[in-house]
Structures are given as structure tokens and as C-alpha cells.
Amino acid sequence: MPTGVHLRDARQQLFDAAERVLLRDGPNGLTSRAVTDEADCAKGVLHRYFTDFDAFLTDLVLDQAAQLETRASALRESVGTGTVADNLTSALTILFGPIPMAIIPLITFRDELRARLRQARPGGGMAILAQATAAISGYLADERELGRIAADADIDSLTLSLVGGGHLLFADRDPGPPDTAVVNKFVTAAIADAVQRRPA
């Protein structure tokens, strides 16, 4: 890589390479050598911008979390439009896309990465899942305000069901992600009581 490459470009190249490795080889295949090989740059380039590999991974996860927060804004904008089930189906498909689903086990099994993420975002929960939880919870609360969800609906429990169940649905990467009909069926069942009890 040329020495004059702008910092942001080099970082983004390394992040993009890491995402490709994650998708192809999974979290176990993500090493500093795999990233620099994929980025087609010298091994020292990564260490020029990051103190160590865990620092790189921390920034990679925070970058993904920021992207998810941006994408989650589309869910909040859908409040009051379409159906609650369809909106949540679209949101889960985005929030549990291939890259986030590859990052979650990476966080789970790397103690140092979890520790650094806690330092970077104190009280923020587990990155990626925290973004999903905040997005779904905020959306459900807004729909409850509009009366499209029962006034006495337990938003925390509904959110936990949707995020936990959604994560399980998307966790098996082998056959690929579930299709929209499967996700919609799950969402419809999870919110059925809260929607059915909504005042006419």
C-alpha cells in the first residue's frame, strides 16, 4: 500500500477486508494476517493505525454498530405506516444481516474485545445486540404511543422476544438467512397478543 494513503481510506480498506474474511471464513478465520492478505497490503499497515489486533477489532465492531444505528433510523421512520409485523420483519432482516451475525460470535468469544468495547461504550450492552435492542424497543414504544400496540403491552419483554428470537433465526449461517415469510411468521406470533389487544 502506498505510504501516502489517507488514514480513513486505509482504515476502511482494512475494515472492508475484515468483513470479507468474516463472511467467507467466519470469526475463527479472522486474523491480522488474513485481514492484511485480503486487503493486499503489508502486515505492518494494520499496526500503523491500530496498537494491536484487538484495537482493530474494537474499531471494526464500533463502526458496524454505528452503521446499524443509522439503518435503525429507517425503522423509527416507519412508525404508523404499513403493518407493525412488516416493519419489524424488515428491521430484523437488516439488524441481523450477514456482517452483524458474523460479528456477534466474535464478540462473544474474545474476552479482550468485550473488555475494550465496555471501555468504549460503558453500559451499552453487547455491541450489535445493543443496537438491535434499542431500535426495536424505541419502535415498539412509538407504535404504542400511536395506539397500534396495546397500551399495557410490556415493551421490554416484547423486545427481548423479538431480539432473542430474531438472533436465533438468523444464527445458522450454513443454509443462509431465513426467508422473509419465515421471519414474518415469527414476528407475527411474537407480537400477536399486543396487537390483538389494541383498542379498536
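Reader: Let's start with helix 8: how many residues does it have, and what span does it reach from its first C-alpha to its last?
Author: In this predicted model, helix 8 has 18 residues. At 1.5 Å a residue, the expected span is 26 Å. The helix comes close to that, with its first and last C-alpha separated by 26 Å.

Reader: Which helices do the buried residues of helix 8 pack against?
Author: Start with who is buried: the list includes Leu129, Ala132, Ile136, Tyr139 and Leu140. Gln131 and Glu143 are on that list too. The buried residues of helix 8 pack against helix 4, helix 5, helix 6 and helix 9.

Reader: Is Ala132 buried or exposed?
Author: Ala132 sits in helix 8. Buried means under 20% relative accessible area. Ala132 has a relative accessibility of 0%, so it counts as buried.

Reader: Where is Asp40, which has a positive phi although it is not a glycine?
Author: The phi of Asp40 is about 60 degrees. Its relative accessibility is 68%, and exposed means over 50%, so Asp40 counts as exposed. You'll find Asp40 in the loop between helix 2 (32-39) and helix 3.

Reader: Which residues does Thr36 contact, apart from its neighbours within four places in sequence?
Author: Thr36 belongs to helix 2. Its relative accessible area is 1%, so Thr36 is buried. Once those sequence neighbours are left out, its contacts are Leu14, Cys41, Ala42, Lys43 and Leu46.

Reader: On to helix 5: which helices do its buried residues pack against?
Author: Helix 5 has 12 residues, 84-95, and reaches 16 Å, close to the expected 16 Å. Its buried residues include Val84, Leu88, Ala91, Leu92 and Leu95. Those buried residues of helix 5 pack against helix 4, helix 6, helix 8, helix 9 and helix 10.

Reader: Which residues is Thr89 in contact with, leaving aside its neighbours within four places in sequence?
Author: Thr89 is part of helix 5. With a relative accessible area of 4%, under the 20% cut-off, Thr89 is buried. Beyond those sequence neighbours, Thr89 is in contact with Thr180, Val183, Asn184 and Val187.

Reader: Are the rings of Phe15 and Phe50 stacked, edge-to-face or tilted?
Author: A search of the whole structure turns up five aromatic pairs. For Phe15 and Phe50, the ring centres are 6.2 Å apart and the planes meet at 40 degrees. Planes under 30 degrees apart count as stacked and those over 60 as edge-to-face, so this pair is tilted.

Reader: Which parts of the chain does the pair of Phe15 and Phe50 link?
Author: Both Phe15 and Phe50 are buried, and they are 35 residues apart. Ring pairs also join them with Phe53 and Phe56 in a cluster.

Reader: How do the residues lining the largest pocket divide into nonpolar, polar and charged?
Author: The largest pocket holds about 160 Å³ of space. Of its 11 lining residues, the closest to the centre are Gly97, Pro98, Phe170, Gly176 and Pro177. Sorted by type, the lining comes to six nonpolar, three polar and two charged.

Reader: Zooming out, how many helices and strands does the protein chain have?
Author: The C-alpha atoms fill a box of roughly 65 × 35 × 30 Å along the principal axes. From the N terminus on, the elements run α-α-α-α-α-α-α-α-α-α. That comes to 10 helices and zero strands.

Reader: What share of the contacts with a separation of 6 or more comes from residues 24 or more positions apart?
Author: The protein chain has 200 residues, and buried ones make up 42% of them. Among contacts with a separation of 6 or more, the share from residues 24 or more positions apart is 69%.

Technical notes: Residues are numbered from 1 along each chain as its sequence is written. This is a predicted model: local features need pLDDT of at least 70, side-chain atom pairs count only at pLDDT 80 or more; totals for chains, interfaces and linings use all residues. Side-chain values use heavy atoms; hydrogens and water are left out. On a 1 Å grid over the protein atoms alone, a cavity is a set of points where a 1.4 Å probe fits but cannot get out, and a pocket is an open set with protein on both sides within 12 Å along at least five of seven lines; lining residues have an atom within 4 Å of a point. Grid points are joined across faces, edges and corners, and a volume is the space filled by probe spheres set on the points. Ala, Val, Leu, Ile, Met, Phe, Trp, Tyr, Cys and Pro count as nonpolar, Asp, Glu, Lys and Arg as charged, and the others, Gly among them, as polar. Rings of Phe, Tyr and Trp (its six-membered ring) pair if their centres lie within 6.5 Å; planes under 30 degrees apart count as stacked, over 60 as edge-to-face and the rest as tilted. Helices (H or I, at least four residues) and strands (E, at least two) are DSSP runs, numbered from the N terminus. Buried means under 20% relative accessible area, exposed over 50%, partly exposed in between (1.4 Å probe, protein chains only). The expected span of a helix is 1.5 Å times one less than its number of residues. Contact means heavy atoms within 4.5 Å.
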